[in-house]
Amino acid sequence: MSSFYDPVIRHIAIEKLVTRTGSEGLERKYYRIRPARWYGGTVTADCVGCGLLCRFCWVSDAVMNRPHDVGKFYTPRKVAESLISLAKKCDLKLLRPSGGEPTIGKQHLLALLENLEGKGYHFILETNGILIAYDNDYAESLAKYNFIHVRVSLKGCSEEEFTLLTGAKPEGFLLQIKALKQLVDAKVSCHPSVMASFSSNMSLQSLIERIGQISPKLAEEIEIEELILYPHVIQRLRNYKLKYYTGYSPKKVPPEQI
Ligand code: SF4
């Protein structure tokens with residue numbers, strides 16, 4: 001029997017821990033709302049919970065392994081108000097969820113977008129794409145919001161690398177690719193990024209060709225992600241004996257990666 005976990009089943013299991021039904025709809029756990037330097041400045045709501053266990057993930061052990069103990073439940077309205085209030089204070093126009101997988105709790109995410117619509121902000125949805133591929137209506141639901149852009153973060157360049165980096169079944173990589181196709185088909189603004197610190201050039205090239213079969217434009221737009229070597233990330237990589245080709249110390253991330 002395979003010792004790898006099923007990424008869809010794990011997302012659904014985590015969803016039960018980090019969402020709950022409240023009087024204003026589905027609430028989701030978050031542990032922080034903060035300004036961040038990425039994309040030239042964003043206001044970021046760090047949600048709790050992800051269905052993958054990436055071995056290079058930057059979140060703390062507590063957030064990754066004990067989602068039931070971390071953060072507090074927010075209504076979609078409260079997250080929207082907190083994001084907008086901080087954006088006004090910091091004079092920023094870009095909002096994003098991070099910290100976990102924001103597509104967990106679909107009704108919460110859609111209600112959050114509903115609360116942000118028409119307020120003059122852009123919204124970056126960074127996702128691993130697993131639930132977008134699993135739920136055939138997800139991409140169509142996102143297509144209603146023209147102020148969003150989806151960044152599908154691929155975990156390596158192939159099925160083998162996906163399993164090496166996440167510990168999940170290799171079929172999960174196909175779901176990541178499928179998510180891109182569903183977003184393109186639904187005409188949602190999107191691009192792929194890839195954690196390429198563990199990949200050879202040959203592997204990267206073969207991914208680019210594979211993405212090109214969905215859309216040549218997507219292949220041109222692939223963003224290369226590289227490791228940020230926070231001390232706890234280095235420790236995790238050591239624990240898994242994972243060798244990487246490239247990575248940056250947190251204070252020396254090149255401007256093009258920010
Ligand atoms: S998909 Fe993102 S949030 Fe989830 S474990 Fe991987 S890097 Fe962390």
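Mentor: Let us begin with the hairpin, in which five residues lie between β2 and β3, and where Tyr 39 in the turn has a positive phi of about 60°. This is a predicted model, in which local features need pLDDT of at least 70, side-chain atom pairs count only at pLDDT 80 or more, and totals for chains, interfaces and linings use all residues. Residues are numbered from 1 along each chain as its sequence is written.

Trainee: What makes β2 and β3 a pair?

Mentor: Two strands pair if DSSP finds at least two bridges between them, and strand β2 (residues 25–36) and β3 have six bridges, in the antiparallel sense. Within this pairing, Ala 36 stands opposite Thr 42 in β3. Strands themselves are DSSP runs of E with at least two residues, and helices are runs of H or I with at least four, numbered from the N terminus.

Trainee: In which sense do β3 and β5 pair?

Mentor: β3 and strand β5 (residues 94–98) pair in the parallel sense, over four bridges, and Val 43 has Leu 95 in β5 as its bridge partner.

Trainee: Why is Ile 9 called exposed?

Mentor: A residue is exposed if 12 or fewer other C-beta atoms, placed from the backbone, lie within 10 Å of its own, buried if 20 or more do, and partly exposed in between. Ile 9 has 12 such neighbours and therefore counts as exposed; Ile 9 lies in helix α1 (residues 7–18).

Trainee: How many residues of β3 are buried?

Mentor: Six of the six residues of β3 (residues 42–47) are buried, with Thr 42, Thr 44 and Asp 46 on one side and Val 43, Ala 45 and Cys 47 on the other.
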